[in-house]
Amino acid sequence: MKAVVVSEYGGPEVLRLVDVPEPHAGRGQIRMRVRAATVNPSDTVLRAGAMDSMLDSLLAPPYRPGNEAAGVVDEIGPGAETDLSIGDRVMAMVVPYMPPGGAYAEYLVLDPRQVAAAPAGSSHAEASTIPANGLTVQLAIDLLSLAAGDWLAVTGAAGAVGGYTVQLAKAIGLRVVADAAPADENLVRSLGADLIVSRGVGVAERIREAVPGGVTGLVDAAVIGSEVLPAIRPGGQLAMVRFADMAGAPSMEDHGDITVHEVFVPDYVHERDKLDALRVRAETGGLTMRVAAEYPASQAAEAHRRLEAGGVRGRLVLTF
Ligand SMILES: NC(=O)c1ccc[n+]([C@@H]2O[C@H](COP(=O)([O-])OP(=O)(O)OC[C@H]3O[C@@H](n4cnc5c(N)ncnc54)[C@H](OP(=O)(O)O)[C@@H]3O)[C@@H](O)[C@H]2O)c1
């Protein structure tokens with residue numbers, strides 16, 4: 001089968017479409033014929049070598065990026081605990097540093113707990129945008145455990161994690177203040193933010209002005225770091241999506257009495273019921289699947305270049 005791999009770390013040019021052995025569903029497993037796999041910021045982190053210690057301990061090169069995919073069930077191994085059937089359209093979350101590697105491949109052999117039906121009426125590309133970032137946001141919301149009516153602030157609200165955070169937070173009755181560049185204000189408002197402040201330097205102070213006393217929780221999807229702390233009220237909480245031991249992580253040394261949660265989405269890789277609940281939200285209009293562009297897998301390098309250039313709204317998707 002074809003897969004996009006990284007044999008040596010580096011820039012987008014190191015991504016290669018190669019032939020690798022085709023996997024088959026073993027006992028208890030499902031195989032997906034992948035049709036779409038998203039390009040996420042963490043795929044560029046893996047490609048550049050900043051996850052090498054995690055990769056080296058569990059896999060041998062070449063490494064395969066990719067955190068989520070959508071496609072069709074085409075094999076079900078004996079004893080697999082699933083209500084899915086061959087031919088069903090599905091989506092799945094994948095952990096790229098665990099065997100057999102990431103989602104940039106024609107076939108993925110999966111634990112059935114990683115797989116849920118794709119939203120009815122969605123394209124493969126649309127469905128592929130849900131699992132990793134939807135589960136990331138669900139985990140952040142579960143960790144924060146806020147009460148209906150509480151104020152949640154969201155940075156990076158125009159992005160995948162930020163956008164889903166705004167939508168899922170509103171769905172559980174939170175009030176949301178989100179940052180946005182002028183060009184993204186309509187988008188962020190359409191996702192449901194109650195208040196919008198302009199993004200960039202001083203965002204914490206603007207959030208605090210918008211919500212006097214400070215917000216109860218904050219999801220820092222823009223990975224700003226400790227500069228956002230003044231937006232949070234005393235005793236409040238912060239959900240970080242990039243943590244201390246990851247390359248590029250912002251410092252978070254002195255957070256006083258604010259509780260800091262590290263959101264690590266692999267913790268939810270087997271949370272099939274939560275993934276299925278995201279499907280239902282997407283089907284009922286509560287989660288907007290945003291695809292910026294589709295690239296054939298052979299153009300993975302171009303997709304990485306475009307993501308790293310910044311300014312992409314919606315997800316870039318590789319097709320297989
Ligand atoms: N810990 C986990 O388990 C986990 C899981 C999923 C994702 N993540 C991480 O979560 C982060 C967000 O992922 P994503 O998929 O949402 O990325 P994304 O779609 O690229 O969104 C990030 C958004 O933040 C905006 N942004 C950048 N700098 C900003 C700033 N200083 N102030 C306000 N907004 C800013 C970006 O705008 P521009 O395009 O204009 O720069 C973009 O709209 C990434 O670092 C990713 O690796 C972590």
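1. Before anything else, a word on the domains: their bounds come from an automatic or database domain assignment. On that basis this predicted model splits into domain 1 (2-130 + 289-319) and domain 2 (133-266). Taken over C-alpha atoms, the centres of domain 1 and domain 2 are 27 Å apart. Nine residues from domain 1 and ten residues from domain 2 make up the contact. On the domain 1 side, the residues touching domain 2 come out as five nonpolar, one polar and three charged.

2. Now the ligand. It has 28 residues around it, and the closest are Gly156, Gly159, Val161, Ala222 and Val265. Helix 1 (41-48), helix 4 and helix 5 (160-171) are the elements that put two or more residues each into that shell. Sorted by class, the shell holds 14 nonpolar, eleven polar and three charged residues. Both domains take part: domain 1 (2-130 + 289-319) and domain 2 (133-266) each supply at least three residues to the shell.

3. As with the ligand shell, at least three residues of the core come from each of domain 1 (2-130 + 289-319) and domain 2 (133-266).

4. If you want to see what Met32 packs against, skip its neighbours within four places in sequence. What remains in contact with Met32 is Ala69, Gly71, Val72, Val73, Val90, Ala92, Tyr107, Leu108, Leu110 and Val115.

5. How many of its 14 residues are buried? Twelve are, which leaves helix 4 mostly covered. The buried set runs through Pro131, Ala132, Asn133, Gly134, Leu135, Thr136, Val137, Gln138, Leu139, Ala140 and Ile141, and also takes in Leu144.

6. Just past the end of helix 4, Ser145 has a positive phi of about 50°.

Conventions: Residues are numbered from 1 along each chain as its sequence is written. This is a predicted model: local features need pLDDT of at least 70, side-chain atom pairs count only at pLDDT 80 or more; totals for chains, interfaces and linings use all residues. A residue is buried if 20 or more other C-beta atoms lie within 10 Å of its own, exposed if 12 or fewer, and partly exposed in between; C-beta atoms are placed from the backbone. Helices (H or I, at least four residues) and strands (E, at least two) are DSSP runs, numbered from the N terminus. Two residues are in contact if their C-beta atoms, placed from the backbone, lie within 7 Å. A residue is near a molecule or strand if its C-beta atom, placed from the backbone, lies within 6 Å of it. Ala, Val, Leu, Ile, Met, Phe, Trp, Tyr, Cys and Pro count as nonpolar, Asp, Glu, Lys and Arg as charged, and the others, Gly among them, as polar.
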